Amino acid sequence: MTEQGKTAEERAASIVDAMTLDEQISLTKSMSGGSLLDLGIPLPSFIPEAMRQPKPDGALGTAGFVPAVDRVGFPALHLGDASLGVADIGYLRPGQESTALPATLSLAATFDPAMAREAGRLIGAEAFAKGINVMLAGGVNLARELRNGRNFEYLGEDPLLAGVLVGEQIAGIQDRHVASTIKHFTLNPQESGRFVYDARIGEAALRESDLLAFEIGIKRGKPASIMCAYNKVNGAYACENEFLMRDVLKGDWQYSGWVMSDWGAVHSLKPSIDAGLDQQSPQDEDYFAGLPAAVKAGEIAPARVRDMALRIVRSMALVGALDHRAAPGGVIDREANSAKAQAMAEAGMVLLKNNGILPLASSAKSIAVIGRHADKGVPIGGGSSQVIPWGGVYRDAPGANPLSALLAPSYGLSSPLKALQAELPGTAISFDDGSDVARAAEAAKKADLVVIYAVKPEMEGIDHADFSLPYGQDAMIDAVASANRKTVVVLQTGNPVAMPWLGKVGAVLEAWFSGQRGGEAMAAILNGKSAPQGRLPISFPAGAEQLTQKAVVGYDPAKQRPLGIGVKYDPFPIDYVEGSDIGYRWFERTEAKPLFPFGYGLTYTRFDYGGLEFRGGKALSVKARITNSGDREGIEVAQLYVAPPGRTHRLAGWAKVSLKPGESREVTIEADPWLLLSYDEAGKNWGRPRGEYRFFVGKSAGEPMLTGSAVLTAATEDRKR
Ligand code: BGC
């Protein structure tokens, strides 16, 4: 179709207006694009009907499918997950392996918008080559609950960091003519009870936190679609929430894309559509089946149906998906993409402790590698976002039935052991799986140095009771470190963990879920080929007593099931008493000291800060001189935190610099103007008072290096554009 001279808006309007009402309605509902029947295994009764239907004609085995409207040249929508690569939870698309990127939490730890853009482009290009034209990416729920099983899919606890990076990731996907969502709108920070809980919070606090992350992400990334969440927010289900969709999203923010529901998140027809829902995703109770009748009865105006269809068609036109048609069988350069995944993994790893044993000295003649499946691979986050990496996975499910085997913790086949052996060919490297504490300690005693690869798998639908490492690893690490103080612990987790053994070990590296070449990435950091540069995008608490919730609200160990499928909870409320003071802001408010603060991360060198200069007035601009005073090249992330009068400090900007030994550079950090404002509920606008704004440039939220205070003028801003 050549449609020269028309804007995307005009073109979309002409396509939609050429459709019949039924054709427009057909766009407002997606069906499951894959079928569990295709697995050929017995399915338990709790599996929803939507997942037992045979695969629709033309579908690709992805999470969602909307048939084409060929008559007007509108392509089928193939909706596929998610944010860490092109997912396939259970080989529904046999042979559909893709590049497994490191966890999105690891991406957040890079503090690198350009890398997020690159990650998005890689995902977009692979999706395109597989025929997927809508990616269910852009997970940006803030980490209010540090035991949430999906934090690995999100970007941490800070609205600016998460919003900027998610926006870049989305823009990257859409650069490749694949539409992206942003999700889950909103306040879906835990899995337990996700279908029923009511997330309660004040309006100003919500606008300054979770909504701010979405607002920044939407402004920057212009996602084609937004996915409303399962839970309720202040009494109304997110997918029929007038405040969220009608007032904020489509009202204040003038969002022009389409709102799709999460899978099974719709609870009504007219209230949902009136509130702003444009598309129902697959679910057993098909409320949208009543749409034709509701239009006929005059309950829903044909103009609203046109608007729903127009939002979808326009979004697809805007990302170029009408001219560039995704089709299966495209070429993917696995080698190049795997190398990129490795670079991203290295950039996201955070060095938490180092008494000098890292980088690994070539003088160590023998190293004992200890760790569950450390000979096989690295953990891959589970659930709808799970990618099957090139080369497949090892599934940790001895004796389980076929379905639970499919949903068991998976490991991408990038062996940390083999990677370390390849990196240190002259060193004798032994292996022990760590399952027997005494045996592991014995192996540690015999070696010059020990590297423990610890794991804590994560899976959508499953939260954690506490911050301990599973499989008895805390006791094992303790015993090993007692036997050999030269012990390095590499954490492969999707959340903070407690580290009761911290004082005994020599070094700790948080490697997250490190993706396609995670083993190689960890080895490169350990031996110093790559300099650690990641910073924590999430606070590590010293204990649950420091948190607003001592345990996950409503947590029931018996109900932690993959994806929460078939689990029944009675509705319960969650009160987010911290308001917008999430994570490091809560630590400041309560004057508590975390185990490791937000923004924290060591390097193999030293950085000094000096030369503070700043300008206030209408905007806040801060200059600092950073000097690498150590003897290795390294990367510093200088962070600017600002406290509006009477409020806690907020991350308002950062600068990431790479410096050679002895090198010094002046960096300028402009405070993001949005972060200087607060929401005024009575006046229904954003503003800031004239006054003293305290600020610091620091190595983390807990390590101010240069402090100051600037007078800023008063300002108001109407976000209604
Ligand atoms: C998840 C979404 C996902 C959808 C489709 C749901 O379980 O919450 O994030 O996109 O499934 O797979």
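Hi everyone, and thanks for coming. Please keep in mind that this is a predicted model, where local features need pLDDT of at least 70, side-chain atom pairs count only at pLDDT 80 or more, and totals for chains, interfaces and linings use all residues. Residues are numbered from 1 along each chain as its sequence is written, and side-chain values use heavy atoms, with hydrogens and water left out.

Let's start at the ligand. Which residues are the closest to it? They are Asp-81, Arg-150, His-184, Asp-262 and Glu-460, out of 13 residues that surround the ligand; a residue counts as near when one of its heavy atoms lies within 4 Å. This shell divides into five nonpolar, two polar and six charged residues. In that scheme, Ala, Val, Leu, Ile, Met, Phe, Trp, Tyr, Cys and Pro are nonpolar, Asp, Glu, Lys and Arg are charged, and the others, Gly among them, are polar.

Now for some polar contacts, meaning pairs of N or O atoms within 3.5 Å; within protein, one must be able to donate a hydrogen and the other to accept it, and residues adjacent in sequence count only if both atoms are side-chain atoms. Arg-150 places a polar side-chain atom 2.8 Å from a ligand oxygen. For His-184, an N or O atom of the side chain is 2.7 Å from an oxygen of the ligand, and for Asp-262 a polar side-chain atom is also 2.7 Å from a ligand oxygen. On its own the ligand exposes 310 Å², and the protein buries 93% of that. Those areas come from the Shrake-Rupley method with a 1.4 Å probe, and for residues only the protein chains shown count as cover.

Helices (H or I, at least four residues) and strands (E, at least two) are DSSP runs numbered from the N terminus. Is Lys-183 buried or exposed? Lys-183 is buried, because its relative accessible area is 1%. The cut-offs are under 20% for buried, over 50% for exposed, and partly exposed in between, with a 1.4 Å probe and protein chains only. Leaving out residues up to four places away in sequence, Lys-183 touches several residues, including Asp-81, Arg-150 and Phe-214; contact means heavy atoms within 4.5 Å.

Compare that with Asn-685 in strand S26, residues 685-688. Asn-685 counts as partly exposed because its relative accessibility is 25%. Its contacts, again beyond four places in sequence, include Tyr-679 and Thr-716.

On to the sheets. Strands of a sheet pair through backbone hydrogen bonds, either parallel or antiparallel. Here, two strands pair if DSSP finds at least two bridges between them.

Elsewhere, S27 (691-700) and S28 (703-712) pair antiparallel over nine bridges. They form a hairpin with two residues between them, and Arg-694 stands opposite Ser-709.

Last, helix H8, residues 242-252. Its buried residues include Leu-244, Met-245 and Val-248. What caps its N-terminal end? Asn-241 does, with a side-chain oxygen 3.2 Å from the backbone nitrogen of Phe-243. After H8 comes Gln-254, with a positive phi near 55 degrees.
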